[in-house]
Amino acid sequence: MRRRSLGNAAAPLAAVIIIIVLMSIAMLVAGTSPLDGFSALIAGSLGGRSQIGETLVATSALLFPSLGIALAFRAGLFNIGAEGQLLVGALLAGAFGGSVTLPPFLAIIIMLALGAIGGGLWGAIAGWMKAKLRANEIISTLMLNFVAQYVTLWLVTQWLMGPAAIGAETAWLPNTYWLPTLIPHTRLSIGILIAIAIAVLLQFLFTRTVLGYELRAAGEAPEAARRNGINLPRLTWLSLTLSGAIAGIGGATIVAGELHRFNTQLSPGYGYVAIAVALVGDLDPLKVCVASFFFGILEAGGLAMQASAQVPKDTIHVIEGIIILVLAARRYVAQRSERVEAGSL
Amino acid sequence: MSGCGFVESGFVGLVVSLVLLTLVKSAPIVYAALGGVISERSGVINIGLEGLMAAGAFAAAVASYSLHAGWVGLLAGIVAGAAVGYVFALAVTKFKVDQVVAGMGINLICSGGAAYGLVLLFNQPGASKTVPQLASANVRCLNMNAGELVLVVLAFLLAIALHVVLYRTPWGLRVRATGENPLAVKSAGLNPLRFRMLAVITSGALAGLGGAFLAIGELNLYSDGMTAGRGFIALAAVIFGRWTPLGATGAAVVFGLFEALQYWIAGQVAWLPADALAALPYVAALVALAGVTGRVRAPAADGVPF
């Protein structure tokens, strides 16, 4: 069933209105005038070259896991484990880059590949459990997030600690291994281009390939898909593996592009926020890019808002949660109005 | 300490200390798992348990701090869990929001809201100030405080109570019927959504109680991330316990044992890495999930909106 273009335009608009209203309330409660709060937010995210750079860094960090989540959701699988997949991918990339000497170009390629392998492996565990043992992927991906958190912490503190590490982090990558900077004098690397390329590939996958058709069929009508000879278990592990691999490449680009080392704290919950991003983007790869930019503004501006307007950054997460609730509810409203219209014909 | 020789000495002492620690670590998971059982038996998968626990823990800490009374904190935890549970229930019944999506939304709202509240109310990020506990006096020989003891016992009593309610009362029958076949409930002239609402609100109250246990039973503050995935582990316990109150309680105790083992082993065997051991409860939940799911059956309408 195609959703109407009006409904599609209403989603981002609704999100923006909710954000403005709720943030105004949060700012008033925190004792700041909304005008000051929003100007701090905008100035902190779009007010200059380095601010825009930081916004795009956050955009990139959110875009990878959001695309991975969108892929899994489209296939009817709730991958809540992007956080862990991103972390494992980042760890493999950081452990390799911080300890191995190779020609730089090759090293960068291997780091990105290791990111995909780490994240893909973490997704594949849940995929295998779902396909072979019918274990609920929601719970397994959630559990794997915590396992990833503690296992990476253990591996880093036990074996991979960098020589000048502050906190649990690996050795720095040699600067020849760093992804090239995209905008000079900012932290933004070309990682974001990789993310956009993946978005385009996903769009192609969904609209132009048999695999994409099968994925969507499995998500929208699994019984019909099965009866038409589509191998559902294969699609299950494949889509969770791919989903994890995309999040894992994201982890590797954070390591190779911005942090230049692996740190166990490198994600402030990107994998969870990405669920909101994927939903706001309607699980459509190209719209997810726009949604990531939007949330990138919130993430980067939120820090500035906290510093200069004394509005806690956590406000942003409350609002993201409310957006998830409201946007998912909007689907129901849209469906109901369709039903009413159909009835009136 | 004196007069508790059997608890302190030798092998028996070690085992007793592990059992006691297991009970304390199990209790919050038991509460959340009971909440998960009642919710799923009515047909609602409650991924929001984690956030509901955080809401309960935060409310308990705030109320206990501002009124200097642990029992007020306990009530506040229950009420906060039920209130957020009401929002979740509305979303998944009246507005037919996808249950998993709504649950993740609730988790973000609760953890973010608590973090925001810490800055507003305690003027410090990360953790609250120290708050009064439910009852901080140590129980002789048991290595836990009076509040923990009361809440541990209450957890198991509630498990039995929920068993009786679900299997021995008309209301329980209707809740279970709603989870299996809401249309049949509707055909009988009852409103299945009402049972789902009530079941989810009860689920919130139970998870809130579990959160309160963490904040003012076991500890004496709220800190960000203190629920540490217990709400999610509880979901695994629900499956492992085959959607029954007593089964889920047993499963919660098993996961509690693994959490206790992590501290207990670290205390006995110093060379084992504590960070790797911290992953134990989650690995246990994964293995349990992998081992048991092909062979159990969820309520037929679990996760299906009506």
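This is a predicted model: local features need pLDDT of at least 70, side-chain atom pairs count only at pLDDT 80 or more; totals for chains, interfaces and linings use all residues.
The contact between the chains is formed by 39 residues from chain A and 42 residues from chain B, and the area buried between the two is about 3500 Å², with carbon and sulfur atoms giving 83% of it. Within chain B, the residues that lose the most area to chain A are L108(B), Y116(B) and L286(B), which together account for 18% of what that side buries.

The side of chain B that touches chain A receives two or more residues from each of α4 (70–93), α5 (99–122), α10 (230–240), α12 (274–277) and α13 (280–292) of chain B, and the largest share, 14 residues, comes from α5(B). Sorted by class, this side of chain B has 32 nonpolar, six polar and four charged residues.

In chain A, S267(A) is placed in the loop between α10 (232–259) and α11 (270–280). S267(A) counts as buried because its relative accessibility is 12%, whereas the cut-off for a buried residue is under 20%. A polar atom of the side chain of S267(A) lies 3.0 Å from the backbone nitrogen of Y270(A). When neighbours within four places in sequence are left aside, S267(A) is in contact with E83(A) and L86(A).

Note on methods. Residues are numbered from 1 along each chain as its sequence is written. Chains are lettered from A and ligands numbered from 1 in the order in which they are written. Side-chain values use heavy atoms; hydrogens and water are left out. Helices (H or I, at least four residues) and strands (E, at least two) are DSSP runs, numbered from the N terminus. Buried means under 20% relative accessible area, exposed over 50%, partly exposed in between (1.4 Å probe, protein chains only). A polar contact is a pair of N or O atoms within 3.5 Å; within protein, one must be able to donate a hydrogen and the other to accept it, and residues adjacent in sequence count only if both atoms are side-chain atoms. Contact means heavy atoms within 4.5 Å. Buried area is the accessible area (1.4 Å probe) that two parts lose on being put together, summed over both. Ala, Val, Leu, Ile, Met, Phe, Trp, Tyr, Cys and Pro count as nonpolar, Asp, Glu, Lys and Arg as charged, and the others, Gly among them, as polar.
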